[in-house]
Amino acid sequence: MKMGYLRVQRILKNRRIIIGSILVFLIILFTLLTPFIFPEGPHVMEVTERLKAPSKAHFLGTDSVGRDLLCRLLYGSRVSVGVGAAVAVITMVFGLIIGLYAGYYKAVDNIVMRICDSLKSIPSILLAIALLAIMGSGIGNVIISVSIVYTPDVARIARAAVLTAREQTYIEALEALGAGANRILWLNIAPNILSSVIIQVSFIFATAIVTEASLSFLGVGVPVPEPSWGNIVYEGRAVMFQAWWLVVYPSIFIAVTVFGLNLLGDGLRDLFDPQNS
Amino acid sequence: MKKYIFKRILTMIPVFFITSIIIFSIIHLTPGDPARVILGDNAVESEVLALQEKMGLNKPLPLQYVNWLTGIFKGNLGESLFIDQPMTEIIWTHMKPTVSLTIYALLIAAGMGITCGILAARYKGGILDRIVTLISLCGISVPNFIVALLLMLLLAFSVHLFPVAGYKPMSEGIGIHVWYLTLPALSLGFIHMALIMRMTRSSVLEVLNSDYIKMARAKGVSEFAIMTKHALKNALLPIITVIGQTAVTLLAGAVVSEAIFNIPGIGQLVVTSIGRRDYMVIQAVVLVIALINMFMMLILDILYAAIDPRIRLDSR
Amino acid sequence: MQQEIVLHVKNLSTTFRTDQGSLKAVDGVDFIVKKGEILGIVGESGCGKSVTVQSIMRLYDEKKTVSYQGEIFFENKDLLTLPYKDMKRIRGEKISMIFQDALSALNPLMKIGDQITEAIHIHTKADRKTAIAQGIEMLRQVGIPAPEKRFYQYPFELSGGMRQRVMIAIALVCRPQLLIADEPTTALDVTIQAQILELMKRLNQELNMGIMLITHDLAVVSETCRRVLVMYLGQVVEEGTAETIFNHPGHPYTKSLLESIPMIGGERGQKLRTIQGTVPLLNQIPAGCRFAPRCLKAGERCRREMPQLAPFKNEHCVRCWYPNESDGS
Amino acid sequence: MNEDRQKILETKHLKKYFSIKDALGKQTGVVKAVDDVSLTLHKGETYGLVGESGCGKSTLGRSILRLFPITEGEVWLEGNDISNLSPGQLRPYRKKMQMIFQDPYTSLNPRKTVGETLEEVLKIHGEKNRTVREEKCQEALRTVGLRPEHYNRFPHEFSGGQRQRVGIARAILVNPSFIVCDEPVSALDVSIQAQIMNLLDALQEEKQLTYLFVSHNMSVINYIADRVGVMYLGHLVEEADTEELFSNPCHPYTQALLSAVLQIGAVRKERIELTGELPSPLHPPAGCVFHTRCPYAEQKCKEKPVMPRELSPGHFVACSLYGS
């Protein structure tokens, strides 16, 4: 899509995008490189090395069963960032479709909006927990339930963007030309609202990571042997007072990633619609 | 005004029904038979049948739904399989801690959020503005269970300013009650404080460069009066919306804080009920929370209409 | 008698700091406003007319985005050097201003009465009761029917014309010496526009109050104003009485502007004259006379040297090396 | 006179009502935006439709183009009744009638280059071949006075006047016979206005186009229209040839409208000032809709509705003062 008018220096001048994308890039890079840094995987236990403070052997120390914290955190990032990315994509696709048709057709709008309101009135974590209780925990189910919880947010943003786009007279011009509804929706409205949807999705990516971590922390998310930032903290909590690093370092990992994503989202909003930054 | 409230209540009825259908279907679309799951695999067939009978699971689904719904209107929310108190009592006892926690967290979030947001907008671009923007950005980046654990480590464990965990009900004195709830409320409210701060700042900024502020200035109104008499009231509308949304998500957040500081709140009840498949309780609690949220949305709308004459008078 | 000068603007320049560098939206503007006179400032969008008047009221954010040069003398004080907080004694009491769209210029959540009495309480010591009485009387004076009822209503409950009158009432309730009207009738329909312009002329007589009328509509200026300034790209290119400007325009820009307006009664078949090219951006201002690239009579000197606003006939100044020696047709 | 020329467009008692529903979908009111309007346009003619905001002139233009369903009455395009055609049946007629919009800043898709916007027009009407499309679009750009290098630029790189030219290029691309111009010059500065009006004039000559020119500016209508219709609160209150209407306005509203129009240097004539406020379209006054503000209103004006009557050839007035 020709974005001719997004001049490069406007992007470079926008500090938030730069820092945000660097942070996100680093996290993704480490996630991909993990199998090379720790080829033996996250489950290696050296029982003699239990609860060791951060040292040269174990940069970030070890957990209650002697597994290296840095290794588990890196493998954990594959889960957490993976879940976040998957939720982001799913919510974007479904949110966009629902929002597009809800914004364009009044009938669809009433039904969809009532459902979104109802989904919204059930607190997100409870809804996620309830869904997980049905489907059983596991990465796939976590992704599905968190996506269900956040799709209404994207749908609401997409719908609002469609309603404003529809007021523009170039849509009326297309109708006067006899253009079909799908051509108007997908070739004219969708590309124009993509920017506000992408901004919302970057925030949902961050919130999804937080929700996954909270779910795992409540013991309903990713099942324990498989490392995820949430369940690492969940396990660390029991021995928190002897081994503070089991709680502090995962927190830093989560905070940095989510902070980077939020920065990226803010920067994109400045770039795409500067007036309401 | 009354017609407006009536109209709002009308629109809530379909939402209530859809919510109840969602909750009901979540519980009853469980793969496998809830009764067998509760009694465990080696349960005797007759026991399973008896339990099914007790829970009314053998009737067709729509009938069960109708019975459940009519039960609600009659105030009978079904009984818990593990706690032998009437459902309303179970919910009420678990509700009290969550309510005081949420209100306390909301006070912190709204209080800090609005004041910092206004100051940041008033001195746009100054150091205060940059600090507030940074705090609000970090605020939304750190999940509340991390904030909780860090607070626990810093303020409770190493410095003993606050109790590490636990809960003291109101009956044992306001001071202790609040003292125990401070860390949970702080951790719960921190993320929402950041959200309110961001929204307040952007909505005050938007109002400050509107035409009626320029007209007020052209009338000779002082900058202070512009902020207090003109800007704040207009900026209040979007702020109320975000506070309303915050209140709804606080109830969700409470689940995590209650788990960390083991406060016997509604969130704790749900998590344990889900653990032991106590469906009736899950259904009742989630429905009550949804009702509270809808009620809060109604209050929000009424507050909105009270402030904005265009809504109040339009619906004459 | 030499009418007393209310306002004297000397070599005013307003520069905006934007991310494309600093743009001089108003570049060396000079004019005077006499007591009880209606002065029209006319020009196409982007010519700096609105920036000029908002600079007089110093409505821009001086800390970050705007800097002023030149002097603005009012009651022999230079408004530009006055400390910012002292401006609030001038605004609304000595000089007040009304804007194009009353719906957005009135606080939507505040009753009309409160918005009027607010101005009274700021500038006078009147107690609550007299303020209300003054307010209602002012609403009646601007021609609002049933002012007592309207006093307690909200802006959105009134029609466009009515809201415009309320804004005028708010601006005039403290009897300022000068009213600045920035495109006051642009958003109104023809019949309502006529009513508002009639009202402004009546108030100008009754209160002997100077009015500065800023608009892009030459017809509004010709029917309402005594003296006219024509602006182009941040500069005054012609100044004179309405009668001379509209019948014997000196500057080529004014002349071709007048010829591109369709007249009722003019011959209908013949093509309208147009000005070729477009208004240059503020960061691509041509050397020499700013209208040279679009002017049919532009000579070598015009492209090299910027003409000054020089006297051309009595009470008629033009910024052009070769003003039109029209034969007074 | 214009009887022998071919009738391009005709509306018969056209009505367009918008119903206002409350939250439950119960209808609480009806806005009679266009109420029983009949007009005829002949080939190569410009019909000026004038009136203040809220009088329904834009709705009339959009109803004729069938941008929304018609409540009642008929629309005939080149002898075919298109009042109740389904979108599919309507498609061939879409090519014959097009529209030019008021606001140059929202009439073009900001994320598509001028070339893409124009080519999409031909794609919709089945022109598969890419080079043919590009040729036609470049040709259209040239006819509206833009240069080939504008083809790949985005709308925000153009001035208001240039964007309006692109809007005109889009309208003439399908060689329509009839164009609704909805306030095409109101948002433009005076000098640009003149350029666009000259362009529309030239295109009318060259392509024998018929315009329904909607505007609230009487001077613009006087210059460009051959025939004029004056609308008030959804009704066509007067209709005549341009010279006739401007020299001999009969309906009190037209007289008031003309007297309120400001003219440069014109000798100041006494002005008929309308009293009262424009009534809300939700509850239009009974009988003649103008009687609440009409200086000559009599008792009969308040009771029976008024049908247009032909005072002189081609000059219709809907006012009971001119009755038998």
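**Chains A and B at their interface**

Colleague: Which pair of chains shares the most contacts?

Modeller: This is a predicted model, where local features need pLDDT of at least 70, side-chain atom pairs count only at pLDDT 80 or more, and totals for chains, interfaces and linings use all residues. Side-chain values use heavy atoms, leaving out hydrogens and water. Contact means heavy atoms within 4.5 Å. Of the 5 pairs of chains in contact, the one sharing the most contacts is chains A and B.

Colleague: How much area do chain A and chain B bury between them?

Modeller: Interface size is often given as the accessible area lost when the parts come together. Buried area is that loss, found with a 1.4 Å probe and summed over both parts. Carbon and sulfur atoms hold 82% of it here, and the total for chain A and chain B is about 3,600 Å².

Colleague: Which residue of chain A forms a salt bridge with B:Arg198?

Modeller: A salt bridge needs a side-chain nitrogen of Lys or Arg within 4 Å of a carboxyl oxygen of Asp or Glu. The rule finds 1 across the interface of chain A and chain B. The closest N and O atoms are 2.8 Å apart, and the partner of B:Arg198 is A:Asp266.

Colleague: Is B:Phe16 buried or exposed?

Modeller: B:Phe16 touches B:Phe73, B:Leu287, B:Leu291 and B:Met294, leaving aside residues up to four places away in sequence. Buried means under 20% relative accessible area, exposed over 50%, and partly exposed in between (1.4 Å probe, protein chains only). The relative accessible area of B:Phe16 is 11%, so B:Phe16 is buried.

Terms used:
Residues numbered from 1 in each chain as written. Chains lettered and ligands numbered in written order. Buried area = accessible area lost by both parts, 1.4 Å probe.
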